[in-house]
Amino acid sequence: MEEQKKIVLSVTGVQKTFGGLQALSNINLEIEEGKTHAIIGPNGAGKSTLLNVCVGRLAPDSGTVMFGDTVLTGKTPYEINQIGVARVFQTPEIFPALTLLQNVIIPALAKRDGEFRFNVFNSLSGEKELVAEAESVLEDLGLEDQMHDLSASMSRGDKRRLELAMCLIQHPKLLLLDEPTAGMARHDTNRTIEILKRIKSRGMTKVIIEHDMHVVFSLADHISVLAQGAIIADGTPDDVRGNPKVQEAYLGGAHL
Amino acid sequence: MSIQSTRKDLLIMAVFTLAVLTMPIWLDPIGAAYPDLLQKFAIFGIFAIGFNILFGLTGYLSFGHAVFLGVGSYSAVWSFKLLTMNVIPAVIAGTLIAGVFAVVIGFLCLRRSGIYFSILTLAFAQMSYNMAYSVLTPITNGETGLQLTQNDPRIFDAAAETTGLPITELFGMKLSGYPGFYFCAVLLIISFFISLRIFRSPFGLKLRAIKSNQVRMNYTGFNTRPYLLAAFVISGMYAGLAGSLMAVTDPLAGAERMQWTASGEVVLMTILGGVGTLIGPLLGAGLIKYFENIFSSYNEQVLHEIFSFLPDLFENIMVFVVNPFVGEGWHLTLGALFMVIVIFLPGGIMEGWTRLIGLFTKDRSKPDNNTPASAKAQTSEG
């Protein structure tokens, strides 16, 4: 037998319909600790819907999402984040009116202060540890030169990296990435892959939704293929690559 | 970095304190150095600073903040009637009771954001205004307004006065004229200091983050509702303080203080000065109150005198053109000024100031944390 696996996230029997459209039908999924789990599939397969169900943005019609022993279904996004799940969006969600440093300090404050803390009496510039940590995370992602610039003026690729930095500073137990390299130049994509590999070596569990097969096959330990709201294949990258059903779903899937 | 910014804040506070306390001197040349107007500067300054904590930091535009102004005034007058003519209990009562109102109104209105939030606050304000005129007459004394009388119980200093209406005092010092102004000025300085602390605190940064991207805030692990409510209550208490100071300088309270025009005025002040900047709303408040004072005192007679150097025909034309903008028509001037600011300087006076500085020091490209975000985003987006 295999050595014992620890399941971080488990999705059981999740269904979701929008009007008449069955977006997710009876999804069962288990994410192992420390692994990078990729979810791939053609457009409209329900990948983002699945992610949104996991972080509490959408409520499933039935089924549950468990994080360790905690039920995530029915919790709000901020509660889910406080439990240890961080998310990178398809279009970067950052604080455009703030500087890069402030952008990263905010999630660090969330980690330290919890959902709400009325800390009006201490000055931000006195929070030396927090600022130092934020600086080191930005440095880690190669953003330290722009630290004091407004994040609104950054390139899209840099915004994505900033959002990643905002998630990483929280040291989440599970990181969900929705197409982290979409719209990036090849050079930027490779850089992001390098960063994600580095994170992996630190043992952070990740779920990646991705179109770019180059990214998927260079990062994933495990791949689930979603098509028309159902999981049609699930296994190691090699299993999935050879699966005829997957090739059919991708209409011949030239790049697989 | 931290020592430097602490020093900078100390400098800001020192300059600010000095500037406020010497207002009677440096405002003299422009004819604004008399207690009545100076008090107005301080009171509306406090109102605008508080409003800016909500609107400037979180971006939630309340159109009903005058409610808290009115509540503060009524509470203060009741404190004068029931307790004592000492202003300390009046100010505390005005601030706290406005805070209680803010908790209730904020709790209900903050269920929505954007335009719906604004409409809800406006609805509450108009409701309160109408109630003050109708069902709440026993408390507000309806159209006459709440006034002091000689028969008021005033349990702490009942035996004091016998003839005429009593005057507000601070431990025996009569608060009319300049002492009244200095009392307001000290509270303005304290209010400014608290606002500065909020701007510099983690709490303040979180409020700004809510304004910038509330979705991200939620996915970052923050429950934004209590933050918004806290900001709403703080700004409501500032308004309550301002309202109670109105009663301190002139101990009567009327419902018109709660009318939507009063709520709108503080919005104008904040935008005129610069939303989200530390000092901008104060400048806006001062400017509006100053020009209101000047323009509304002009009438046709005065205009004829001003333009008397022109030939008769031109004199009459000028008077005809300018007349609608002064006196009762001062709001027309305000409206025009407001339009110019919003169109050409969306960041208000403070943006104009930063641009002016930028013209002279070209190489200072590092953005300052206090300049309005909208302005910076526009210039840097390109």
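1. Burial in chain B. In this predicted model, 51% of the 382 residues of chain B count as buried. The cut-off for that label is under 20% relative accessible area. The accessible surface of chain B comes to about 17,700 Å², and carbon and sulfur atoms account for 69% of that surface.

2. Fold content and overall form of chain B. The secondary structure of this chain consists of 18 helices and four strands. Its radius of gyration is 22 Å, close to the 21 Å that the globule rule gives for 382 residues, so chain B is as compact as a globular protein of that length. The C-alpha trace of chain B spans about 70 × 70 × 40 Å along its principal axes.

3. Contacts in chain B. Taking contacts between residues at least 6 apart in sequence, 75% join residues at least 24 apart.

4. Charges in chain B. There are 22 positive and 21 negative side chains. The centres of these two sets lie 20 Å apart.

5. An open sheet in chain A. Four strands form this sheet in the order 2-1-4-5, with antiparallel pairing. Strand 2 (21–32) and strand 5 (70–71) of chain A stand at its edges, and each has a single partner strand, so one side of each is left without a neighbour in the sheet.

6. Strand 1 (residues 7–18) and strand 4 (residues 62–67) of chain A run antiparallel and are joined by five bridges. Within strand 4 of chain A, V65(A) is the residue that stands opposite V11(A).

7. Strand 3 of chain A. Is this strand, residues 36–40, mostly covered or mostly open? Mostly covered: five of its five residues are buried. In a regular strand the side chains alternate between the two faces of the sheet. Here T36(A), A38(A) and I40(A) point one way, while H37(A) and I39(A) point the other way, and all are buried.

8. Partners of strand 3. Which way does strand 3 of chain A pair with strand 8 (residues 205–209) of chain A, parallel or antiparallel? The pairing is in the parallel sense, over four bridges. T36(A) stands opposite K206(A) of strand 8 in chain A. Strand 3 of chain A also pairs in the parallel sense with strand 9 (residues 222–227) of chain A, over four bridges. In strand 9 of chain A, H222(A) is the bridge partner of H37(A).

Terms used: Residues numbered from 1 in each chain as written. Chains lettered and ligands numbered in written order. Predicted model: local features only at pLDDT ≥ 70, side-chain atom pairs only at ≥ 80, totals over all residues. Heavy atoms only, no water. Helix = DSSP H or I, 4+ residues; strand = E, 2+ residues; numbered from the N terminus. Rg over C-alpha atoms; globule rule 2.2 N^0.38 Å. Buried < 20%, exposed > 50% of the residue type's maximum accessible area, 1.4 Å probe, protein only. Contact = heavy atoms within 4.5 Å. Areas by Shrake-Rupley, 256 points an atom, 1.4 Å probe, with all protein chains shown as cover. Lys, Arg positive; Asp, Glu negative; His and termini not counted. Charge placed at Lys NZ, Arg CZ, Asp CG, Glu CD. Pairing = 2+ DSSP bridges.
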